Every structure is written in C-alpha cells, then in structure tokens.
Amino acid sequence: MSAVPESTPRITSWRETYRQLLRAAGDHAPALRASLIGLALAAVSQGLALACVAPLFAAVLNEPDVGSALIWLAAMTALMALATLLRWRAQNFEFDGELAAATHALRTRLGEQLRCMPLERLRDRRTGEMTELLLGNVDENLNYTLMIIDLILVAVVTPLITALGLLVVDWRLGLALLLIFPVIVPLYRWRRPAFGRGMRMLAEAHARTSADILEYTQGLPALRAACGAGEKAERMHAGFEDLERIQTIGHRKSAKPNRLVTGVVEVGLLLILASGVAWVVSGTLDLAILAAVFVIVARLVEPLSTFVMYTAVLELIEVALERIEGLLAIPPLPLVEPTARPDHYEVRFENVTFSYAQAATASLRDFSAVLPARGLTALVGPSGSGKTTLTRLLLRHGDPQEGRVTIGGVDVRAIPPDELNAMISVVFQDVYLFDDTVLANIRMARPDASDAEVEAAARAAHCLDFIERLPLGWRTRLGDIGGRLSGGERQRLSIARALLKDAPIVILDEPTAALDTESEVAVQRAIDAVVRDKTVIVIAHRLSTIAGADRILVIKDGRLIEQGRHDELFARAGRYWALWDAQLAVKAWRPGTADADAHA
C-alpha cells in the first residue's frame, strides 16, 4: 500500500457536513432537520434539568424548604421528561421509517447516476468498490447519524447549558465548568486531522477488500482451472492483512491521545471539585451546592471524556458523504439542444478522434466512415484496433474529443438517451445475464412485452429446448452472470432479447465465435431473424462469416485503412487479404504439424 502523506487533509466544517447530510437526505431533508433540532433541544433541556440539582440540594440539605424543594424537583422532572419526549420524537425519523426511506432514495439516486454517467468513467471503478459505495457508505452516511449526533450533543450542549445554569447559583463553579470547553476544543482540533487520515485510509481499505472478495468469488472457476486460486487467495489475504494493519495502527495511534484527552477532562473536573471543597472549607460555598456539583460532575464526566472519540465516527460519516457526493458530482454526458430524432438509420463517423482517460495513445484517430442503412457493415482488424470503441461511441458510452457520430444525420448527442438506447440492440460475444428468472432476463429488452411475445422471441432464438430442461422452466433463476447456462445457451438468450427489442440498429460482436457447430447453426438462424431489414454492424473475428457483407471496414491503430466489399478488398491484396490468408493458415494447421515438419 502506498504511503499516506502526513499533510493535513482538508477539514470539512461541521456546517458543511450538516449541509452535505441534508443534501444526501434529499426530499427527506426537512424531516431530518427537524429531528436534529429535536435532539439539540433535548440536550438543552437535559442540561437545564442537571442545573436544577444545585437549588434542589440547597432546598433539601440546608434549612429544609419543602415548597422550594418540590418546585425544583418538579422543574427538574419536567425538564427531563421534556428531554425524553424531544429525543423520542426526534428518533421517530428512524422508527417511523423515514431513515429507511431516505436511505432507499439515496441509493436510487446513486443508481440513476450510474445509469446516466459516462460508462467510460464507470470502467475506472471496480465492481466491489461500487458495492461498498452503494451499501456501506450509504449506511455509514445515514444509519448512524442520529445516534452519533445525539451523543455529541449530550457531550457538548448538555454540559454547556449546565455550566451556564450554575453561573446563576455560583459564578465560580459555572465559570470553572465553562473553562473545560476551551481545553476540549484544541484537543479536538489537534486530533481531527489524524482522525480524517485514518478514516480515509480505512474507507479505502474496505473498498479494496470488498472489490478483492467480489473479484475472487466471481472468478473462482477460472482461477481453479488455471491453478491460480492460491495466488489470488494470497492476494486477497494480503488485502485482509493490510486492512488489519490499518485498523491496528489506528487503534495504537489513537490510544495515547484518547487517554490524554480523557485524562485532561477528568483532571479538570477533579480540580473543579477540589476548588469547591476549598471554598466550602473557607466558608464561601454552601456544602449543599458542592454536593450537587459532585452529582453533576459524575453525570458529565463520561460524555465529556469521550467527546473526541465520538467525533472519530463523525469523520467516518464525512468520508462517506465525500465519496457519495464525488459520485453524484460526475456530470452526465451533455444533451445537445435542440433534441432531434432520426427518420432513417444510416450511421456516420465524421473525423472522430477518441482517447480513453489516462490512455497513452488515442483509440481512434480522425476516423470517418459511412455505415449504410438496412445494410450489413463488418468491422475487421486486430485486437485493440478500435472496433469496440466505435460501437461504444455509437451507444454513447462516451463522446469523442473531436468529430461526431450521427444516426440518420442526427448527432447522437442530440438524441435523448432513452430513445438512443431504444434504437440499438447489441448481441455481445460475452453475454451478461442477471441472477433472475429466464423470463425476466429476456423481458428486460422490452419490459412491457407480454409472456406470449417473450416466448415467441425465445422460440425464434431456439431457446425453448433448453428452457424446458431447466428445473423451474421459465421461472428458473440463472445465477450470477447466468452461471446455470452454457455459453451457447446464454448467447441464444441474448439473441432472444434482441429479437424482442426489435431495434432498427443491431450490433453483433461475433456472437458465434465461441460456439460448437450445432449451437452455431441455431444461433446463426436466430441472427438472420434479428438482422432482417436492419442496420447491422458486425465486429468480425472470423472473416469467413462476413464475406457477404455490404461493406467491410478494415481498421488498424484507430484508423480506417481499407473499405469495400469482400471481392474488392481481396483483389487489392492489402491488409484484408493478409488477415484472410493468416486465418486460412491457422485453419490448415493441425496439432503435430510443426513436429512433422521438423522431422521432414
């Protein structure tokens, strides 16, 4: 783990933290604000109740004055009852379900942000880190807020109000108790930067560990097959040890300062009691008042001593707020005004240059091409040449730094996102299925589709045979990433989605490349139904499958170097011909050929 700089982190004021908290609560901010005000008033009422102890003791222990004692007892009881009532009503934010609703609304906002933010930015984050943000950080943000703020208010506001009340009874005791606060504040400001660093390191370690666990769990079949499970387990275990190390360092570094803070507060309170004893001996302080101060100090010593430790948890909440606001602050891809809708589906790339964030070189360079409407265009080239980047720009996962992408002459940046998504179906080579039923996985392409329409799409994609073999048929859950199905079965479900969606533009990422012969024939028939009368874009790995394409674009290093039909490109004996020849050589190779040649 990289060393953490010892420079003081940016300290967020409590006022700004309060504003961040209200922003995170969204529509529930008024209820949260009322709850926090209620907790503050409860702390004030509790402080006034403690201040009543001094006159109550004076009325009881000196010349007994039953009337005055009952008045002060009633006042103290009423104030404590009021504090209890205010605190109970304030906590209704949690008990009445407002907290759960606010947490749900915040997760929904974060989910909407994931849907709207550029997918290029999302690829920079590991899945486990996003899980930690959506679950852990949201819970840290709201679930413990009321409890921690209540403890802090009891530790600060209640003693402060009690001290102000004692000023009326004996100004020396009240002033002495007030002097505790100028001691606590520097101690808090001294410890806060360390708390900030520690909590940020801890949050980052938790995020890394969550990502490592998720990555290891999802990749375990592949790791076992590659005999790499042990290595990955060691990496995950190293993450656990790193998390333990950070937690241990945090506890060790905070132990002495926390003891110091506790000691200073307790010594200060003992000095107040010692002063009170001296004043009683000198005859300038009533013994009953001193007895009351003993009771008050016994009540306040714990919250005052642990105040700084409470603020450490507040730092955890602030870290969560920063991470949440950081994600929400990522701007969505801009929508160009006025919006427009294409009336045909010719696709054009006009002088497009695009670089991924932090990439050393551009993925596309001054790329221009026309993909005809209702025609099949194949993208050919070596891995990393920019084929997938072209489809991502068409899907608007990101925007080019230069040039533009159009559909029917309309810049994709001027097409509302939902409408753009509705225009394009994608059949990926690596199909992602959700841990949901077969029915739900197909219907996600068109949520309003009837069961009959879903079944018709599945039939056209040759899915019915394996669906009927599943334990619960259409209601069978497919597991993470569709783990219950084979590659060919997942591929056919993906094609069923595309059939159900019936979009005018279809992107095919060589969906038959990893299939056996029988599955390939079934899938190819399904694809023929998908692409009929559509604008089709095929990312081609096996050139034999695109010989009949209307247009073939040969791409290398992000540039279009050749285009035309198969016969035209083959006749030129250029890059396309070289790729074709290389694939023929691979097909002609058989295991043992090289050894046979060596012995010839």
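The count of disulfides in this structure comes to zero. This is a predicted model, and the mean pLDDT of its chain is 78.

**Cysteines**

**Confidence along the chain**
- The mean pLDDT is 78, and 76% of the residues reach 70 or more.
- Residues 1–8 have a pLDDT below 50, and this stretch makes eleven contacts in the model beyond near neighbours in sequence.
- Residues 593–600 also have a pLDDT below 50, and beyond near neighbours in sequence that stretch has one contact in the model.

**Aromatic pairs**
- How many aromatic pairs does the structure hold? There are two.
- One of them joins Phe 349 and Phe 367 edge-to-face, with 6.0 Å from centre to centre and 85° between the planes.
- This pair links distant parts of the chain, as Phe 349 belongs to strand S1 (residues 347–354) and Phe 367 to strand S2 (residues 364–371), 18 residues apart.
- Phe 349 is buried, because its relative accessible area is 4% and the limit for buried is under 20%.
- Phe 367 counts as buried as well, at 0% relative accessibility.
- Phe 354 and Tyr 356 also pair: their ring centres are 4.9 Å apart and their planes stand at 85°, so this pair is edge-to-face.
- Phe 354 has a relative accessibility of 2% and counts as buried, whereas Tyr 356, at 22%, counts as partly exposed.

**A charge over a ring**
- What lies over the face of Trp 279? Arg 172 does, at 4.4 Å from the ring centre.

**Helix H1**
- Helix H1 covers residues 14–25, twelve residues in all.
- Which residues of H1 are buried? Among them are Thr 17, Gln 20, Leu 21 and Leu 22, along with Ala 24 and Ala 25.

- Glu 337 and Pro 338 are joined by a cis peptide bond, with omega about -5°.
- Where is Pro 338? Pro 338 lies in the loop between helix H14 (287–328) and S1.
- Arg 374 is not a glycine, yet has a positive phi of about 55°.
- The place of Arg 374 is the loop between S2 and strand S3 (376–380).
- Arg 374 counts as exposed, because its relative accessibility is 66% and the limit for exposed is over 50%.
- His 462, also not a glycine, has a positive phi of about 60°.
- His 462 is found in the loop that runs between helix H18 (451–460) and helix H19 (464–469).
- With a relative accessible area of 29%, His 462 is partly exposed.

Notes:
Residues numbered from 1 in each chain as written. Predicted model: local features only at pLDDT ≥ 70, side-chain atom pairs only at ≥ 80, totals over all residues. Heavy atoms only, no water. Phe/Tyr/Trp six-rings, centres within 6.5 Å; stacked < 30°, edge-to-face > 60°. Helix = DSSP H or I, 4+ residues; strand = E, 2+ residues; numbered from the N terminus. Buried < 20%, exposed > 50% of the residue type's maximum accessible area, 1.4 Å probe, protein only. Lys NZ or Arg CZ within 6 Å of the ring centre and 35° of its normal. Expected span 1.5 Å × (residues − 1). pLDDT = per-residue confidence, 0-100. Contact = heavy atoms within 4.5 Å. Disulfide = S-S within 2.5 Å.
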